[in-house]
Amino acid sequence: MSAGSRDGSRPIYDVVAEHNVRVPTRDGLTLATDLHRPAVDGRAADGPFPTVLLRTPYDRARPPLVLTARFFAARGYIFATQDCRGRFDSDGEFRFLFNEHHEGLDGHDTVEWIAAQPWSNGKVGTTGLSFEGAVQQAMAVTQPPHLTTQIVLDSAYNYYTRPIRHSGAFTQGIFLPYTFFMAMVGGKEAQERPEIKVPLREVLENFPEWTKRLPIKEGGTPLSLAPSYERWYFEMATKGEYDEFWQNPASSLEAHIDDYPDIPLCLLTSWYGHHAWSNLEKWRALRERNSAPVRLLCGIWVHGPAYLAETAAGEVDFGNDAAVGYLDDFRLRWFDRFLKDLDTGIDEGPPLRLFIMGGGGGKVQQGGVRGIDQRLVHGGRWRNEQEWPIERAEDHTLYLGAGGALSAQHPDGEPATSFTYDPRDPVPTIGGCLQNPIGVLGFVYGGAFDQRARADLWLCKDTLPLAARADVLVFRTEPLVERLEVTGAIEVRLWVSSSALDTDFTAKLIDEYPASEEWPTGFAMNLSDSIIRMRYRDGFSEAVLMEPGQVYEVTIGPLITSNLFDVGHRIRLDISSSSSPQFDPNPNTGDPLGRSTGVVVARNTVYHDNARPSRLVLPVVPDGS
């Protein structure tokens, strides 16, 4: 009864479910698992069937997962959803990605338990987004014999590199509200003492006020009512050096990449998600090591469950072609190919598919959500590639100059540019490659936005362009006379100094639209951004404070994007020292991370003379190729 086509298996079964099946682990705990099974006349079919496993910290029984489980079961799969250790109905303690080897071994034990069941044909595939992808990777490097294939949606390669820490800085705008939410929903302390959900929820509902008290102190918030969650939050916030804490298989696949099994693997990511750089590096590393198909699809979407079906990210729409289709339809064709050996065609063609943003003309699309009344239509198209980095791309260097120039001309004797960075008034984060925090509105939003503050969307003191701030240095080219495609990893190499012992430098690449009838003041569209915490300028294994006034050469990056800069547009680079709440504002004191009780106002300087040529290095793909 395994009917199917190149579009995937047809829904020929009824579906029955078994709830809270207890799957044993090697250390004696059990993990809560729901099984959705194909059925005939209301009774589970004997099979055997292939199985798709999704392990999650976000509730195995949430409605979207149940719909997916029914979708696959009707098409001849067992679909297993499981609460990760310490979450909801599963035993144990949850420590995000830092529970030694539990996530990997728990996944291993679950795959092998599934393969031993009478309804299993011995083939197990896995899927899931973000954390659900990290646990797939941690399990894969333990090499369970019956793991057959995986679909990993926008998960990291090394969570220290990004997104938890980012070149030393901490992405507190994501992980502080995330920790409160996780403690409140599905956390063991909140399950045992439901009354603590009230103060945790009040923090999320009043997060703008709590941001005025950052950094939070241990024992100083309702998070202390869930001590296991408070503990791993402060581990993330204070452990700045890249050491064994970060190098377990769940948080750093990079440290264990040689152990990845040679199985068919599908990776999905996006330019405005958390993990575009991570997935392209992961794809490259696995392609070098393995012979089985490794496919990567990189679109425009913001990190989240609406993958593949969206055409917009933030305040910008990329056209109907940006939407690939429904995620379950895509996953079905992959699993049909590698769990059922059906010819769906999904493994045909080049292994890398990228969405090249741009070319849409900048017109206006009306409508939107969460205060977005209209969107810029930036457009774009899909293109297949064979390798990463793209071999035909050529490095183009643009030098920073006095007065905000950005050009191919090498600087000669130009004065430095300085600005004052006050940690009490950081530059607001306006969009970017980040997740919209769970449970918090009006805090920070991922995606492409005009780089202008808006009080209805962000916690901003004004509604002026970021370029108007004295602590944002803006460098821009002349209007382009030819189209220019930038696809790849972008580096910003700066010569800098500071009056402080420690500070940050940020870099943001922008496609600057000219003024038009649709956009009378133009549109400064963010593409990618990055940061360097100066105490880690020489590497992440050891912090070395600065000597005030000394000049250092640093590299910020890689930023990553694929964008077609159109005629009349300018390439723009913004340099500053903060982007809050995305990153924790550096207090400039040199104190241990996350422990500072005061701030120092820093005078920071960027040099762009003949001997110290600060520059932007762009991978440019020849037009039309």
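How much space lies in the second largest cavity? I looked it up: about 120 Å³.

**Ground rules.** I am working with a predicted model, where local features need pLDDT of at least 70, side-chain atom pairs count only at pLDDT 80 or more, and totals for chains, interfaces and linings use all residues. Residues are numbered from 1 along each chain as its sequence is written, and side-chain values use heavy atoms, with hydrogens and water left out.

**Terms I needed.** On a 1 Å grid over the protein atoms alone, a cavity is a set of points where a 1.4 Å probe fits but cannot get out, and lining residues have an atom within 4 Å of a point. Points are joined across faces, edges and corners, and a volume is the space filled by probe spheres set on them.

**Cavities.** I found four cavities of 30 Å³ or more.

**The largest one.** I noted 19 lining residues, with Arg162, His166, Gly273, His274 and Cys433 nearest the centre. Helix α9 (276–289) and strands β24 (523–533) and β25 (552–565) each give two or more residues to this lining (helices, H or I, at least four residues, and strands, E, at least two, are DSSP runs numbered from the N terminus). The largest share, three residues, comes from β25.

Strands β23 (504–513), β24 and β26 (570–576) each supply at least two residues of its lining.

Methods: 1 Å grid on protein atoms, 1.4 Å probe; cavity = no way out; pocket = protein on both sides within 12 Å on 5 of 7 lines; lining within 4 Å.
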